[in-house]
Amino acid sequence: MEKFRLDKSEVVLLIIDIQEKLAPAMKYKDKVVNNTKVLLSTAEKMNIPVIITEQYPKGLGSTLKELQSDLKQDYILEKVHFSAYRSELKSYLNKINKKKVIVVGMETHICVFQTVRDLLEDNYYVYIANDGVASRTKENYLNGLDLMNQMGAIITNTETIVFDLLKKSTDPEFKSLSKMIK
């Protein structure tokens, strides 16, 4: 059952390519941004490391402005490969020694899928917030989730992640975080 448990001391939040020129084309962009904000707040309150990737920022722009004010910029990785799991990210994950990765981002069936596949292949536990990832079409979104599920990723949602990290209603962060989930 270890695969299905989240503890704030064991996790990292990975935000993949929620960028200025990419996001407007995404179905359910607003929901993804709002849920990413919830997870960013959770990470900040629980001292969970945050990793942000930006796919070719010269062409796709930087991370959305509405997320930048919430970013606890632990580590920002510019990339040109679709998978973010390359030498820089590998080194950083080894340095912080976290084996459970919570993932949100764009696009579900491309950069998110390839990154998750590579993380799983290297024996990480990966948790996809299904309401925190997006693609341009519903079919591609569903296909990406299905592929990641088949590979062994845990397909979950923002609320389940937050409450699993909280563990109990007496957690000092319960009131402020539960208010964000509506």
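**Entry 1**

The model is predicted, so I recorded its terms: local features need pLDDT of at least 70, side-chain atom pairs count only at pLDDT 80 or more, and totals for chains, interfaces and linings use all residues. Residues are numbered from 1 along each chain as its sequence is written, and side-chain values use heavy atoms, with hydrogens and water left out.

I took helices (H or I, at least four residues) and strands (E, at least two) as DSSP runs, numbered from the N terminus. Strands pair if DSSP finds at least two bridges between them.

I found 4 bridges between S1 and S2 (residues 50–55), which run parallel.

I then looked at S4 (residues 100–106), which is joined to S1 by 6 bridges and runs parallel to S1. In S4, valine 103 is the bridge partner of leucine 14.

**Entry 1: burial of S1**

I asked how many residues of S1 (residues 11–16) are buried. The count is 6 of 6, where buried means under 20% relative accessible area, exposed over 50%, and partly exposed in between (1.4 Å probe, protein chains only). Val11, Leu13 and Ile15 point one way, while Val12, Leu14 and Ile16 point the other way. In a regular strand the side chains alternate between the two faces of the sheet.

**Entry 2: the sheet and its helices**

I read the strand order as S3-S2-S1-S4-S5-S6, an open sheet of 6 strands with parallel pairing. The edge strands are S3 and S6 (154–156), each pairing on one side only. On average, neighbouring strands are turned by 25° against each other, direction ignored.

I saw that helix H6 (residues 138–151) packs on the sheet, touching S5 and S6, and its direction makes about 170° with that of S5. Contact means heavy atoms within 4.5 Å. Axes are lines fitted to C-alpha atoms, for helices over the stretch in contact, and angles run from 0 to 180 degrees between N-to-C directions. Helix H7 lies across S1, S4, S5 and S6, at about 135° to S5.

**Entry 3: aromatic rings**

I counted 2 aromatic pairs. Rings of Phe, Tyr and Trp (its six-membered ring) pair if their centres lie within 6.5 Å; planes under 30 degrees apart count as stacked, over 60 as edge-to-face and the rest as tilted.

Why is the pair of tyrosine 85 and tyrosine 124 edge-to-face? Their planes stand at 75°, with the centres 5.9 Å apart. The two residues lie in loops, so the pair ties together parts that are 39 residues apart in sequence. Both tyrosine 85 and tyrosine 124 are buried.

Phenylalanine 163 and phenylalanine 174 are also edge-to-face, with centres 6.0 Å apart and planes at 75°. Phenylalanine 163 lies in H7 (residues 158–166) and phenylalanine 174 in H8 (residues 174–180). Phenylalanine 163 is partly exposed at 33% relative accessible area, and phenylalanine 174 is partly exposed at 23%.
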